[in-house]
Amino acid sequence: MQEGGPRRPARAEVVGSLLRPGPLRSAVEGFYAPGHSAVLDEERAQDRAALTELEDGAIREVVERQIECGLDVVSDGEFRRWMFMNSFYDAVEGFRTDNVVTFRNNDGQPVDLAVHEIVDRLRPVDSPAAREAAFMASITGHPFKVTFPAASIFGHPFTFKRGITDKGYVDLAEFVAHAIEIERALVADAIAAGAAYIQFDFPLYPYLVDPAWVARFRERGHDPAALLEAALAADTAVLEGIPSHVTTALHICRGNYRSSWMCEGSLEPVAEAVFAGLPYDSFLVEWDDLGRDGGFEPIRFLRPGSVMVMGLISSKVRDLESQDDLMRQIDRAAAIVGGIDRLAISPQCGFASVMVGNETDTDAQWRKLELVGRVADRVWPR
């Protein structure tokens, strides 16, 4: 951890994104409204400066609030991003957002989101996460994290599209290798700017345990075992060059948009390969719905020295979890993994992985983050 770090291991964490305050969300929607030029002429530059000032103020407020909640590691709420992956995609050219993915929710209704589609060879043009880290380092001595997309999500087999992606890359493997090279440089920039905790989000593994997704992969001629091997290689390769003093974390997300998800199923089929094989300091795993996510048994494979951050508190719903029930769940997990000291707690995901946010509100968000801090203080007294 960075200087001024916690007096104990991180036990209470935020995953990353927070709900945008109303004025900030309105300003972002106005600045990026369809039809607005991406070129920063004089008027647009003034608008961008005003938006940055608004972002700065909102970030200062949520950092202070997270510390008050008792979180050992905080974030800037990802307030400078449209969605969580923008630490990478705002840094490059060579994509468009015409591709659509479909999420699922408790009502059984499909929820569509436009995502990035690679249409040319990527060209690095910026390093936005470095600016995020520099600002955080300037306003707090408290440990903070900066997030990036997991390297294995670049290897999603539907990423590479013949007639589109092959304008810049021969095949998926070439694209993944290039994306990892770019991301390593972006991570190095963020660390140089003051980040001492780097989290990688949304790896491929939840797709590989969802029967519906596995069936789709097989229909397209992809071998799930080969996809797993490639994913493990990518998520290992992206760590190359990260200094030993920097904490690395992998958030195993199942999709998070407007309280909907993309994947479900127990992690058991990939657990040993992931939790025993990947050299991350922490694994943040979603367990807010055991019926959808499976039980805690996969954590028995956790590698020595790593921490399992239990995502037991839902960012998708307003209802507040029972503190006593959370304590019981942690006790069950501790019995499986070999002790309380191998665990920590967080929400299952961010509250606004995409700018529009989940179907909840800021009051519920802060009550849940306060709950994270209270449970951590009961389980791991300061």
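Trainee: Among contacts in the protein chain between residues at least 6 apart in sequence, what share joins residues at least 24 apart?

Mentor: That share is 79%, with contact meaning heavy atoms within 4.5 Å. This is a predicted model, where local features need pLDDT of at least 70, side-chain atom pairs count only at pLDDT 80 or more, and totals for chains, interfaces and linings use all residues. Residues are numbered from 1 along each chain as its sequence is written, and side-chain values use heavy atoms, leaving out hydrogens and water.

Trainee: Why is Glu78 called buried?

Mentor: Buried means under 20% relative accessible area, exposed over 50% and partly exposed in between (1.4 Å probe, protein chains only). Glu78 has 4%, so it is buried. Of the 382 residues of the protein chain, 57% count as buried.

Trainee: And what is the phi of Glu78, given that it is not a glycine?

Mentor: Glu78 has a positive phi of about 55°. Most residues other than glycine have a negative phi.

Trainee: Which other buried residue has a relative accessible area of 9%?

Mentor: That is Phe202, and its phi is positive as well, near 70°. Phe202 is in the loop between strand E4 (197-201) and helix H6 (211-219); helices (H or I, at least four residues) and strands (E, at least two) are DSSP runs, numbered from the N terminus.

Trainee: What makes a set of residues a nonpolar core?

Mentor: Its members are buried Ala, Val, Leu, Ile, Met, Phe, Trp, Tyr and Cys residues, joined through side-chain atoms within 4.5 Å. The largest here has 113 residues, and Ile198, Phe200 and Phe275 are among those with the most contacts inside it. Helix H5 (residues 172-192) gives the most to this core, with 9 residues. A second, separate core of 9 residues includes Val73, Tyr197, Leu284 and Val309.

Trainee: Which residues does Ile198 contact, leaving aside its neighbours within four places in sequence?

Mentor: They include Val146, Phe148, Val187, Val246 and Ala249.

Trainee: How many cavities of 30 Å³ or more does a search of the whole structure find?

Mentor: The search finds 1. A cavity is a set of points, on a 1 Å grid over the protein atoms alone, where a 1.4 Å probe fits but cannot get out; lining residues have an atom within 4 Å of a point. The lining of the largest cavity includes Gly16, Glu78, Arg81 and Val146. Helix H4 (128-139) and strand E3 (146-149) each supply at least two residues of that lining.

Key
On a 1 Å grid over the protein atoms alone, a cavity is a set of points where a 1.4 Å probe fits but cannot get out, and a pocket is an open set with protein on both sides within 12 Å along at least five of seven lines; lining residues have an atom within 4 Å of a point. Grid points are joined across faces, edges and corners, and a volume is the space filled by probe spheres set on the points.
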